[in-house]
Amino acid sequence: MATTTALNLSASIGQNRSLGQRTGSSLLRPARRVSVVCAAGSYADELVKTAKSIASPGRGILAIDESNATCGKRLASIGLENTEPNRQAYRQLLLTTPGLGEYISGSILFEETLYQSTRDGKKFVECLRDEKIVPGIKVDKGLTPLPGSNNESWCQGLDGLASRSAEYYKQGARFAKWRTVVSIPCGPSALAVKEAAWGLARYAAISQDNGLVPIVEPEILLDGDHSIEKTLEVAERVWAEVFYYLAENNVLLEGILLKPSMVTPGAEHKEKASPDTIAKYTLTMLKRRVPPAVPGIMFLSGGQSEVEATLNLNAMNQTPNPWHVSFSYARALQNSVLKTWQGRPENAEAAQKALLVRAKANSLAQLGKYSAEGETEDSKKGMFVKGYTY
């Protein structure tokens, strides 16, 4: 699908000095025309339109892309067995919530969910489209130990990704998510950072070539007792590497979304940071590393409480940003829903209202207008799990 675009780089720098390469070379040579292969190919316009639709004011992403095993843990917390009918019932509860599209612009699905339907036979993809919510799909195959590193992980799934992406596009998905992780207590090693960045860039290029907007997500885990300054240092290193390899793979930046961790202290650090401090450090990292061509920054909650995640997002939207700064939350949108539902049909309407409450709170936070007044004590409880996987 790749197409070639010629870019005229004849504008001189000094006396026709060439554009510097990563090595810092300043050799003089005549200006020339170069060809850049765009990974987006013939999908470029559609990718940009999709990314802008997801990054629309007052809206964010509902992430329900947990694997069947992780979904089983959620169901077990309310006493339900991990069966396909129970998973389908819970996903139907979420995806058929009336009015959800007012606050939610995209939803990341697990592969099983992409093919599922309601009990009445309506495909979940169609339920989302009726609410003007863009269907997305998790495409990575989970984490595995990274050989040659200090107990670090890397993400599997590049093999066969092109054919899977093409199939997901046919089934109605229009964006994809690939999560890899970086652990601060493990270093992180230069090897782990490079593997994370390269894998994300290859995935992004393959996704764009098959019509899917890639969400780029190197999650910097909360595990550890490190300071917020240490998190900032690691985040800057990781994102510098990620954008270098995105450029190497000719990824169209206007057709991607980012899903970063907020810059916070480690979960076991002795001092908690305020929302204003987290906003300051997170926006500092983004402004130093993320080009304004990227349409949307859709933060993960990473084990924060529902209220924490919303307060931190709200603090980041108190001043104008060059990107749409929003949310892509899983537990921080679902926790109250599960507790309200309890697997009982008679609680379904109340559970859907609980989802709308959390979605509206984060919508207001995206607009910088959220107040935590009236929030319940349950919504303020942290959800950090050491070594969390899904």
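This is a predicted model: local features need pLDDT of at least 70, side-chain atom pairs count only at pLDDT 80 or more; totals for chains, interfaces and linings use all residues.
**View B. Salt bridge between Arg 129 and Glu 126 in helix α5.** Here the closest N and O atoms lie 3.1 Å apart. Helix α5 (residues 124-130) holds both side chains, three residues apart, about one turn of the helix. Arg 129 is partly exposed, at a relative accessible area of 38%, and Glu 126 is partly exposed at 35%.

**View C. Salt bridge between Glu 112 and Arg 87.** The closest N and O atoms of this pair are 2.8 Å apart. Glu 112 is part of helix α4 (residues 111-115) and Arg 87 of helix α3, so the contact ties together parts that are 25 residues apart in sequence. Glu 112 and Arg 87 are both buried.

**View D. Network of salt bridges.** Asp 65, Lys 177 and Glu 217 are linked in this network. The model contains 15 salt bridges in total.

**View E. Stacked aromatic pair of Tyr 90 and Trp 341.** The model has seven aromatic pairs. In the pair shown here, the ring centres of Tyr 90 and Trp 341 are 5.5 Å apart, with 20 degrees between the planes. Tyr 90 lies in helix α3 (residues 84-95) and Trp 341 in helix α11 (residues 331-341), so the pair ties together parts that are 251 residues apart in sequence. Both residues are buried.

**View F. Tilted aromatic pair of Phe 327 and Tyr 329.** The ring centres are 5.5 Å apart and the planes stand at 40 degrees, so the pair is tilted. Phe 327 and Tyr 329 are both buried.

**View G. Aromatic cluster of Trp 198, Tyr 244 and Tyr 245.** These three residues form one aromatic cluster.

**View H. Arg 174 over the face of Tyr 169.** Arg 174 is positioned at 3.7 Å from the ring centre of Tyr 169.

Terms used
Residues are numbered from 1 along each chain as its sequence is written. Side-chain values use heavy atoms; hydrogens and water are left out. Rings of Phe, Tyr and Trp (its six-membered ring) pair if their centres lie within 6.5 Å; planes under 30 degrees apart count as stacked, over 60 as edge-to-face and the rest as tilted. Helices (H or I, at least four residues) and strands (E, at least two) are DSSP runs, numbered from the N terminus. Buried means under 20% relative accessible area, exposed over 50%, partly exposed in between (1.4 Å probe, protein chains only). A charge sits over a ring if NZ of Lys or CZ of Arg is within 6 Å of the ring centre and within 35 degrees of the ring normal. A salt bridge is a side-chain nitrogen of Lys or Arg within 4 Å of a carboxyl oxygen of Asp or Glu.
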